[in-house]
Amino acid sequence: MEKLYLDNAATTFPKPAVVPDAMSDFIKNHGVNINRGSYAPAYDMEELVFNTRRRLADLFGGKDVKNVIFTQNVTMSLNMVIKGLFGKTDHLLVSAMEHNAVMRPIVQLSHDGLTFDRIPCAVDGTLISSEMERLVRPETKAIIMTHASNVCGTVMPLAEVGAFCKKHNLLFIVDSAQTAGTLPIDMKTMHIDVLCFTGHKGLLGPQGIGGFVLSDEVAKAMTPLIAGGTGSLSHSEEMPDFLPDKFESGTMNLPGIVGLHAALKFLDETGMTAIHQKEMALTEQFLAGIAAVKHIHLAGKQSLADRTAVISIASTTMDNAKLAVRLESEYGILTRVGLHCAPSAHKTLQTFPSGTVRFSFGYFNTESEIDTAVKALHAICD
């Protein structure tokens, strides 16, 4: 039985062929480090890393190439930013749809005195932005928010929230795990101070590479979470205070950056708009196909408006885990079942604690595959 992969919200698969090809070529034929070698291959690699930063800065409307910081994933980025900026006397606002990549570092800090409030969301995940005003306190420092839910795909109004942050002199920190590469993001017009991203989802790169893009003002205020060798200022045991070195200690994931560079070229050549349009066409096909399926509940938004290609359903007659197992064992369909590391989102969607079965479509899925998934749900649930 062939496997049908519908879990692109976890990681996109397959990757564009240029991604593994570039990574393999680097490991087999180059393999050098950077900032540690004074020879031509190392300088060539430094240029590729620079060009990858440049592509990311251009994609996100970042201020400068040097303000693009590489990490291993968006979770590490969020931890570095949250723990590097905030402490026991601070208050934060988050949405009620956040992933644990945002919530767990904040809850950790709350044990030492930091406080936070959740901006309420409607049952479909839509942010109730009118509630933000009453939640702001004198000690509020920032709003930290996902761009789109990893559970149901609901998109947050970044431009509106960014304008609110500017009005109230708050930092605006965005988790773009579910949208980078599929939805346009402009840090300047959206008033985003820090954008955290991962390479292995909408950017179509490999696992193990991510990062964040930040303003100069935030960079000055932020304490590095990790310290060590950078290849610069080697005479000093103090961390460099300039970017990107201030936040990039140790050997970087160069094979990952090579793969991400290839993925970004593919993204640029294919067109983010074209990718998004195809994913939404598949989403529309799936939503239409499951509308008549009995004994399932669609969590989140019921239409294509303000959503990504992420759809969660819950069975009303069987355990969701059993549904997911039957989809795989009988039809080869790979989904994600459970609470998706986002208990707050599931409480908002009223799917906690039973969770949902999540279908998430990518650029390389086909209409035929969507038909297969719809027919499988009819066969199992009707």
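The legends below describe close-up views of a predicted model.

**View 1. Helix H3 packs against helix H4 in the predicted model.**
Two packed helices are described by the angle between their axes and the distance between the axes. Helix H3, which covers residues 74-85, and helix H4, which covers residues 100-110, pack at an angle of about 30°, and their axes are 9 Å apart. Where the two helices pass each other, H3 passes H4 in a right-handed crossing. On the H3 side, the residues that take part in the contact are Thr75, Leu78, Asn79, Ile82 and Lys83, and these meet Ala101, Val102, Pro105, Ile106, Gln108 and Leu109 in H4. Sorted by the kind of side chain, the residues of this contact comprise seven nonpolar, three polar and one charged.

**View 2. Lys141 and Asp90 form a salt bridge between a strand and a loop.**
The side chains of Lys141 and Asp90 meet in a salt bridge, with a distance of 3.2 Å from N to O. Lys141 belongs to strand E5 (residues 140-146), whereas Asp90 is found in the loop between H3 and strand E3 (91-95), so the pair ties together parts that are 51 residues apart in sequence. Lys141 has a relative accessibility of 36% and therefore counts as partly exposed, while Asp90, at 8% relative accessibility, counts as buried, because buried means under 20%.

**View 3. Arg134 and Glu131 are joined by a salt bridge.**
In this pair the side chains of Arg134 and Glu131 meet at 2.4 Å, again given from N to O. Arg134 is exposed, with a relative accessible area of 56%, whereas Glu131, with a relative accessible area of 23%, is partly exposed.

**View 4. Lys63, Lys66 and Asp216 belong to one network of salt bridges.**
Here the salt bridges share partners, and in this way Lys63, Lys66 and Asp216 are joined into one network.

How values were computed
Residues numbered from 1 in each chain as written. Predicted model: local features only at pLDDT ≥ 70, side-chain atom pairs only at ≥ 80, totals over all residues. Heavy atoms only, no water. Axes fitted to C-alpha atoms, helices over the stretch in contact; angles between N-to-C directions. Helix = DSSP H or I, 4+ residues; strand = E, 2+ residues; numbered from the N terminus. Left-handed = near helix turned anticlockwise from the far one by under 90°. Contact = heavy atoms within 4.5 Å. Nonpolar A, V, L, I, M, F, W, Y, C, P; charged D, E, K, R; others polar. Salt bridge = Lys/Arg side-chain N within 4 Å of Asp/Glu carboxyl O. Buried < 20%, exposed > 50% of the residue type's maximum accessible area, 1.4 Å probe, protein only.
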